[in-house]
Amino acid sequence: MENRKNYFHLHLVSDSTGETLIAAGRAAAAQFQSSHALEHVYPLIRNRKQLMQVLEAIDGAPGIVLYTIVDRELADVINQRCREIGVPCVSVLDPIIDLFQSYLGSPSRRRSGAQHVMDAEYFARIEALNFTMDHDDGQMPADFDEADVVLVGVSRTSKTPTSIYLANRGIKTANIPIVPGVPLPDGLLSATKPLVVGLIATADRIAQVRQHRLLGTTQSFHGEDYTDRASIAEELKYARSLCARNNWPMIDVTRRSIEETAAAIVALRPRLR
């Protein structure tokens, strides 16, 4: 029998970028595999005129409404209008803010976009992103000792996207491909500051990703060895031995998302210091 999914409208209304809502909405929707959310994102909603246009859109496509609006008057308008339309709505941040206020004994500032301040932490993230882009795929090996994390692994183990994700959290990350017969840069072997982590996966998974990678190549490209499972198994064997020889921890990314891999790396940092 055909597996059919139900679709529902998910309205995400924010007075900031909407990142918090998107993450919360997707995390909740992922728990309902038989249903698929049609996302409607409304960022930077900070006055009544903007809000009324959003509420008209919600009225035209009723569904679940999640919002992060710190202005009490605007929040009250959302609650009232959603009751009139007959759709459920939830303020995602209010229960958390109330808990903080109760524990800290002081009221919140209720300032829109307070998490996106251009402070020292913000500029540290920008610096980390610049460093990571400059040190992608083994570039600028002389600077590896300035990295917080260095990822090593055979081709198609998600080194670059994982590096960028870590950089977005302010972690300077370099990545280096492991190729049998090609020595690793001296700059890596002599580096003492960074945490070096090996990324591995199953031969089947890597072969599948590499095959998709080759779909757009020219006819003159011969990728038999690149996608051959036996050859990939040898690459992985070499990568494992290299990591074991240098006491570098390894993470199997076969069934991990980029976010999960990054979280595992972050967890390793204090443990190995």
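Lys-159 counts as buried, at 8% relative accessibility; here buried means under 20% relative accessible area, exposed means over 50%, and partly exposed lies in between, with a 1.4 Å probe and protein chains only. This is a predicted model, in which local features need pLDDT of at least 70 and side-chain atom pairs count only at pLDDT 80 or more, while totals for chains, interfaces and linings use all residues. Residues are numbered from 1 along each chain as its sequence is written, and side-chain values use heavy atoms, with hydrogens and water left out.

Lys-159 is found in helix α6. Helices are DSSP runs of H or I with at least four residues, strands are runs of E with at least two, and both are numbered from the N terminus. Leaving out residues up to four places away in sequence, Lys-159 touches Leu-151, Val-152, Gly-153, Val-154, Asn-175, Ile-176, Pro-177 and Leu-199, where contact means heavy atoms within 4.5 Å.

One of those partners, Val-154, deserves a word of its own. Val-154 sits in the loop between β5 (149-153) and α6 (159-167). Val-154 is buried, with a relative accessible area of 1%. Apart from neighbours within four places in sequence, Val-154 is in contact with Lys-159, Ile-178, Leu-199, Ile-206, Arg-210, Glu-235, Leu-236 and Ala-239.

The UniProt annotation "binding site", from an unreviewed entry, covers Gly-153, Val-154, Ser-155, Arg-156, Thr-157, Ser-158, Lys-159 and Thr-160. UniProt positions are given in the numbering used here, feature names are shortened, and annotations may be inferred rather than shown by experiment.

I turn now to the salt bridges. How many salt bridges does the structure hold? The structure holds eight, a salt bridge being a side-chain nitrogen of Lys or Arg within 4 Å of a carboxyl oxygen of Asp or Glu.

Asp-59 forms a salt bridge with Arg-81, and their closest N and O atoms are 3.3 Å apart. This pair links distant parts of the chain, with Asp-59 in helix α2 and Arg-81 in helix α3 (residues 72-85), 22 residues apart. Asp-59 is partly exposed at 37% relative accessibility, and Arg-81 is partly exposed at 27%. A network of salt bridges links Asp-59, Arg-81 and Glu-84.

In another bridge, the side chains of Lys-172 and Glu-127 meet at 3.0 Å, N to O. Here too the pair links distant parts of the chain: Lys-172 is in the loop between α6 and β6 (173-177), Glu-127 is in helix α5 (residues 120-134), and the two are 45 residues apart.

Arg-229 forms a salt bridge with Asp-204, with the closest N and O atoms 2.7 Å apart. Arg-229 lies in helix α10 (residues 229-245) and Asp-204 in helix α8 (residues 203-213), so the bridge ties together parts that are 25 residues apart in sequence. Arg-229 is partly exposed, with a relative accessible area of 45%, and Asp-204 is partly exposed at 48%.

Let me return to helix α2. Leu-55 lies in this helix, which spans residues 48-60, and Leu-55 is buried, with a relative accessible area of 3%. Not counting residues up to four places away in sequence, Leu-55 touches Val-77, Ile-78, Arg-81 and Ile-85. The C-alpha atoms of Leu-55 and His-11 are separated by 9.7 Å, although the two residues are 44 apart along the chain.

Next, the cysteines. A disulfide is a covalent bond between the sulfur atoms of two cysteines. The structure holds zero disulfides, counted as pairs of cysteine sulfur atoms within 2.5 Å. Cys-89 is partly exposed, with a relative accessible area of 23%, whereas Cys-243 counts as buried at 2%.

Finally, the surface. Leu-93, Ile-96, Leu-99, Phe-100, Tyr-103 and Leu-104 form a nonpolar patch with about 700 Å² of accessible area together. Patches are made of residues with over 30% relative accessible area and no salt bridge, like charges being joined within 9 Å and nonpolar side chains (Val, Leu, Ile, Met, Phe, Trp, Tyr) within 5 Å. Accessible areas come from the Shrake-Rupley method with a 1.4 Å probe, and for residues only the protein chains shown count as cover.
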